[in-house]
Amino acid sequence: MVQLRHKRFMRLNRNIDPVHQKFIADCASANIGPMLTFSLLSEVLGGLDYIGCTIVEVCNYTRDLRAYVDGADAQMVLNDMKRKKEICSSFTYDFEFVKCMGAAPKLIITDQDLGMKVAVDSVLVDTRHRWCMWHIMFKVIEKLPKNQLHNEDLKKELNKCVWSELTYPEEFEETWQEIMEKYGLTNNEWFSTMFANRKFWLCPQHTVPVYFRDFPMSSLIKTTSVSESQNSFFKRYTKSRCNLVEFLMHYNNALDAQRSNCNRFEYHDSNTTPKLKTNSALERHASTIYSDSGFKAIQEEIEDAIDCCTMVKT
């Protein structure tokens, strides 16, 4: 009834059998989408004519997998945590905000996510909530009107106004208003909203800009650079639209990758003899205790100092 080359498109011949199901589920666990999954099936099975389904069936099955855990993904994650606890007594987990931390933090820094703001206000009632200045300034370019997109003077003046540690609130507000008027941004909704919420601002280095002089910051590090580094790493393994079960699978894959890289570096360090640049006993000893990258850094200092310093005793 149909031509031979059309047979694979008949509904009767388009099926997701257990082999397909396992392959699609494994690909989803590795953060591989339906399109690439279908391409991989084609390569593994010898071509499109031998897959036994079309991209539509792959997409539908991926959708059904997500629907299966819809509304129950949180409980499934908790069940997995409980199972791990039973297997390994040293494994620990908790999911209540404050109980997990032991005590509510004095300060929490987030982006401008409104859901996070509501959660912090309701759960961490005595915690100071501030917005990360890095995220705010990162959005400036996309919020500028088109006629100001390439105005370097505006960017310089805005940065100088925002990032100064020595400015007092009155000076900051006056300078901000001058910039808004000078560049025609007085009626810009985003800039107006940010300025209205200026007491939430905090810069990533945690030096104390205008509205944060009364809070001791000495114990904090550059949390934004740390968190953004982690975000960048995990974005390679997961997507924002994932449910909790998918995220947990991707998270475990990411940790496995980190452990594998760590083992690879340890193997490299333990089986590689660094090339020494001096006859210094200090350099020779350093080569036995530092990692490869750490040794290269200290080696430069030793090489620079070798003609200026003398080792008196060991």
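A search of the whole structure finds eight aromatic pairs, a pair being rings of Phe, Tyr and Trp (its six-membered ring) whose centres lie within 6.5 Å; planes under 30 degrees apart count as stacked, over 60 as edge-to-face and the rest as tilted. This is a predicted model, in which local features need pLDDT of at least 70 and side-chain atom pairs count only at pLDDT 80 or more, while totals for chains, interfaces and linings use all residues. Residues are numbered from 1 along each chain as its sequence is written, and side-chain values use heavy atoms, with hydrogens and water left out.

**Aromatic rings**

- Phe91 and Tyr93 form a tilted pair, with 6.3 Å centre to centre and 35° between the planes.
- Phe91 counts as partly exposed because its relative accessibility is 25%, and Tyr93 falls in that class at 31% (buried means under 20% relative accessible area, exposed over 50%, partly exposed in between; 1.4 Å probe, protein chains only).
- Trp190 and Phe191 make an edge-to-face pair, 5.1 Å centre to centre with 90° between the planes; both residues are buried.
- One aromatic cluster is formed by Phe172, Trp176, Trp190, Phe191 and Phe195.
- Arg198 lies over the face of Phe195, 4.1 Å from the ring centre, and the charged end of Arg264 sits over the ring of Phe265 at 4.7 Å from its centre (the criterion is NZ of Lys or CZ of Arg within 6 Å of the ring centre and within 35 degrees of the ring normal).

**Nonpolar cores**

- The largest nonpolar core has 21 residues, and those with the most contacts inside it are Leu158, Trp176, Phe191 and Trp201 (a core is a set of buried Ala, Val, Leu, Ile, Met, Phe, Trp, Tyr and Cys residues joined through side-chain atoms within 4.5 Å).
- At least two residues of this core come from each of helix 7 (133-138), helix 9 (152-163), helix 10 (169-182) and helix 11 (189-196) (helices are DSSP runs of H or I, at least four residues, numbered from the N terminus).
- Not counting residues up to four places away in sequence, Trp176 touches Leu158, Cys161, Val162, Phe191, Phe195 and Trp201 (contact means heavy atoms within 4.5 Å).
- Another core, of seven residues, lies apart from the largest one and includes Ile24, Ile51, Cys53 and Tyr61.

- The 12 residues of helix 1 should span 16 Å at 1.5 Å a residue, and the end C-alpha atoms are 16 Å apart, which agrees (the expected span is 1.5 Å times one less than the number of residues).
- Asp17 caps the N-terminal end of helix 1, with a side-chain oxygen 3.0 Å from the backbone nitrogen of Val19.
- Just after helix 1, Asn31 takes a positive phi of about 65°.
- Buried residues in helix 1 are His20, Ile24, Cys27, Ala28 and Ser29; their cover includes helix 2 (34-45), helix 3 (55-69) and helix 13 (244-271).
- His20 lies in helix 1 (residues 18-29) and counts as buried because its relative accessibility is 5%.
- The side chain of His20 makes a polar contact with the side chain of Asp17 at 2.6 Å (a pair of N or O atoms within 3.5 Å; within protein, one must be able to donate a hydrogen and the other to accept it, and residues adjacent in sequence count only if both atoms are side-chain atoms).
- A polar atom of the His20 side chain also lies 2.5 Å from the backbone oxygen of Ile51.
- Leaving aside neighbours within four places in sequence, His20 is in contact with Asn15, Leu41, Leu45, Ile51 and Cys53.
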